[in-house]
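Let's take a look at the salt bridges and pockets of this one. The sequence and model come up next, and the walk-through follows.

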Amino acid sequence: MGHRERWLSADGQRTAAKVLRRLRWGRSLEGLGLPTVGGRLDLRGFALPEPDFTPVRAAGMTVEVASGKLPEFRKLRLRGVDLTGSRLRHLRLTDARLEDCLLREADLTDLRAWRCWFDNCDLAGADITDAVLSARHRGAGTTWRNCSFESPALDGISAEGAEFQGCAFERVAMTSVVFDGCGFTDCRVTGSLVNVTFSGSNPPRGAKPATMTNFDLRDCRLTDVDFMGLRLAGVLLPPQESVVVLPHAGKLLDAIRSAIAGNPEYRYLNFWVDYRIKHHEADDDLYLDYDEIRQNADERSVTLLREVISRVS
């Protein structure tokens with residue numbers, strides 16, 4: 001019997017109902033007679049109930065509207081649980097704490113995590129499409145500590161105010177991802193990053209500024225990746241001839257804006273500079289990819305940037 005099929009029998013359904021009730025009450029799963037595997041409680045293949053979704057047309061867009069409540073848990077506590085291959089779509093967590101949990105090949109599509117704590121969790125092969133790995137709740141985001149993300153689906157994810165500590169993102173394919181105000185300490189990423197933004201500008205009042213320390217991206221392929229409003233001394237970037245990292249972003253951006261002021265031929269550069277001025281503090285670093293400028297503007301724009309930077313630096 002497969003991991004998911006075990007929950008379809010009469011006994012499996014009764015046990016699943018008890019597990020779900022304990023989870024909703026924030027109580028321990030001990031005493032339910034669950035088997036163990038590798039020293040962890042065996043919830044492999046467990047599935048949360050899901051509402052149906054109906055497409056609704058509004059404001060020229062089609063959105064999916066849930067027919068019932070999404071699975072939501074507050075102050076959930078799980079320690080030493082194997083959730084390999086589980087189906088946890090649309091899961092909402094607030095103030096949850098998961099320690100030493102296996103979420104390998106779990107379906108975590110559309111996950112939302114408000115001020116949670118994940119410690120020593122393994123998400124190898126998990127589907128995290130369209131997930132929010134961290135959202136601030138009462139001023140704090142979610143912490144991911146010593147967690148493994150190996151070959152997961154990471155399309156369209158985002159994180160706000162997260163702290164990633166000692167995490168490994170191995171052989172990932174990140175596409176259209178935003179890390180807003182997130183800190184990375186002793187983390188490593190390998191694989192492909194496409195249309196990924198790391199932003200640290202304008203944190204909410206009382207929020208910890210985003211910092212990056214020993215953040216290793218050397219074995220990544222970066223395409224349309226941007227860093228804004230950050231100090232990048234602690235980031236280990238892959239060698240790219242087209243990329244430069246320059247200190248004192250405020251001074252450089254002001255000089256570039258002055259050089260192109262009133263010139264309609266530098267339309268893209270005007271947009272590029274104005275956007276970065278809004279998202280950088282004076283002493284942040286400026287991450288500049290000349291190939292991006294070349295693709296969106298022309299070689300003259302690249303030449304102008306090089307001249308201004310040479311004069312100001």
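## A salt bridge to start with

Arginine 6 and aspartate 42 form a salt bridge, with their closest N and O atoms 3.2 Å apart; the term asks for a side-chain nitrogen of Lys or Arg within 4 Å of a carboxyl oxygen of Asp or Glu. This pair links distant parts of the chain, 36 residues apart: arginine 6 sits in the segment before α1 (10–25), and aspartate 42 in strand β2 (residues 40–42). Helices (H or I, at least four residues) and strands (E, at least two) are DSSP runs, numbered from the N terminus. Aspartate 42 is buried, at 6% relative accessible area; buried means under 20%, exposed over 50%, and partly exposed in between, with a 1.4 Å probe and protein chains only.

A word on the ground rules: this is a predicted model, where local features need pLDDT of at least 70, side-chain atom pairs count only at pLDDT 80 or more, and totals for chains, interfaces and linings use all residues. Residues are numbered from 1 along each chain as its sequence is written, and side-chain values use heavy atoms, leaving out hydrogens and water.

The structure holds 27 salt bridges. In one of them, arginine 188 meets glutamate 170 at 3.2 Å, N to O. Arginine 188 is in strand β19 and glutamate 170 in strand β18 (residues 168–180), so the bridge ties together parts 18 residues apart in sequence. Arginine 188 is partly exposed at 31%, while glutamate 170 is buried at 19%.

Arginine 231 also bridges to aspartate 284, with the closest N and O atoms 3.6 Å apart. Here the two residues are 53 apart, with arginine 231 in the loop between β21 and β22 (235–236) and aspartate 284 in the loop between α3 and β24 (286–289). Arginine 231 is exposed at 51%, whereas aspartate 284 is buried at 6%. Shared partners also join Glu170, Arg188, Asp216, Arg218 and Asp219 into one salt-bridge network.

## The largest pocket

The largest pocket has a volume of about 420 Å³. Of its 20 lining residues, Asp224, Val225, Asp226, Arg276 and Glu292 are the closest to its centre. On a 1 Å grid over the protein atoms alone, a pocket is an open set of points with protein on both sides within 12 Å along at least five of seven lines, and lining residues have an atom within 4 Å of a point. Which element gives the most to this lining? That's α3, with 5 residues.

Conventions: 1 Å grid on protein atoms, 1.4 Å probe; cavity = no way out; pocket = protein on both sides within 12 Å on 5 of 7 lines; lining within 4 Å. Points joined across faces, edges and corners; volume = space filled by probe spheres on them.
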